[in-house]
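Here is a friendly tour of the model you have open. Take a look at the fold, and then we can walk through some of its features together.

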Amino acid sequence: MDDALVIGGTRFIGRHLVEELLEHDYDVTILNRGSHENPFADDDRVDRVEGDRTNEAALEAAATTVDPDAVFDCVAYQPRDVREATRIFADCEAYVYVSSGSAYGREDIPKRENETPLEPCTPDQATDDSMETYGNRKAEGDRAVFAAAEQGVNAMSVRPPVVYGPHDYTERLDWWIDRVNRFDRVVVPGDGTNVWHRAYVEDVASALRIVAERGEPDEAYNVGDRRLVTLAEMVELIADRLETDVEIVTAGPRELAAGDIELDDYVLYRDYPHVLSTAKLADLGWEATSPTEAMDRAVDAHLESDRDGSEHGPERDAEERVLGILDTV
């Protein structure tokens, strides 16, 4: 494959995917509305087609103009987006849909592609745009991929959990980096052993390319860090990169109540472990970045940005009340 069309391509996963494809000598075109700054505007190796991916005519025009070998669909948020794209790009050598670990509908440990069932999706959920139905819509997008594959389309799916790394506009990890960077005592909800599988963004990008090149139609592939770390271990990795010492203070529901805080107020906290098996992807030759190296890059990118993730966690004043209670125990 030589020519790639990335639907999206300017913000986070898509941006890293474009860089990954360029490193592997693809001719790359991005399709987007132009709502966000184009980091490749001055790169003559990347062409851009303006268009709204929810507009069927825009996709058809891109298919004719670009005639891509591989299509990477980074911004398909409703099932109809996937159905339209797999029809329009039916003749491509690969169509790869960016799904999500949220598509899984059962709490298996780990969640496996061909064993763990997907979330259901009602007609109302399929056209919703709220976070409450995100997993349902991603699951239905997966089913659209499988239906297209049954019709002969070389369609595949990649399912990442929470993605982190440079250019992460969600700022979820930034909240934790900011906490470690500013305070010598960091409150961690629960007992610190919480596990929510995460995926380093450059690994997601390489997974998308490898699935396009080596994956099988009608298949989904989980992607995520090969070595999982707990929430407390994640804080320690951040502290190591910042070359600082922090005291991790774990706090359960009773202690957090002193600051009117709940466990779920902390971003990246999940009561039940969310773990994806990545063995199927590894069998294609994919390799993951070590958590230490990945976190180092994420922290460096945070320090170069103006992000603090402040919307994602409790106020420090509230945490200080919790710490005060714990200090008296």
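## Overall build

Of the 329 residues in the chain, 55% are buried, where buried means under 20% relative accessible area, exposed over 50% and partly exposed in between, using a 1.4 Å probe and protein chains only. Please keep in mind that this is a predicted model, in which local features need pLDDT of at least 70, side-chain atom pairs count only at pLDDT 80 or more, and totals for chains, interfaces and linings use all residues. Residues are numbered from 1 along each chain as its sequence is written, and side-chain values use heavy atoms, with hydrogens and water left out.

The chain holds 12 helices and 11 strands; these are DSSP runs numbered from the N terminus, with helices (H or I) of at least four residues and strands (E) of at least two. The C-alpha trace spans about 70 × 45 × 35 Å along its principal axes. A compact globule of 329 residues would have a radius of gyration near 20 Å, and the 21 Å of the chain agrees with that. This radius is taken over C-alpha atoms, and the globule rule is 2.2 Å times the number of residues to the power 0.38.

## Contacts and charges

Among contacts (heavy atoms within 4.5 Å) between residues at least 6 apart in sequence, 77% join residues at least 24 apart.

Side chains in the chain include 33 positive and 74 negative ones, and the centres of the two sets lie 3 Å apart. Here Lys and Arg count as positive and Asp and Glu as negative, while His and the chain ends are not counted. Each charge is placed at NZ of Lys, CZ of Arg, CG of Asp or CD of Glu.

## Cysteines

With a disulfide taken as a pair of cysteine sulfur atoms within 2.5 Å, the count comes to 0. Cysteine 74 is in no disulfide, and the nearest cysteine sulfur, that of cysteine 92, is 14 Å away. Cysteine 74 counts as buried because its relative accessibility is 11%. Cysteine 121 is also buried, at 18%.

## Backbone details

A cis peptide bond links isoleucine 109 to proline 110, with omega about -5°. Proline 110 sits in the loop between strand E5 (94–98) and helix H4 (123–126).

Aspartate 25 is not a glycine, yet its phi is positive, about 65°. This residue lies in the loop between helix H1 (13–23) and strand E2 (27–32), and aspartate 25 is exposed, with a relative accessible area of 67%.

Aspartate 260 also has a positive phi, near 55°. Its place is the loop between helix H9 (253–256) and helix H10 (279–282), and a relative accessible area of 68% makes aspartate 260 exposed.
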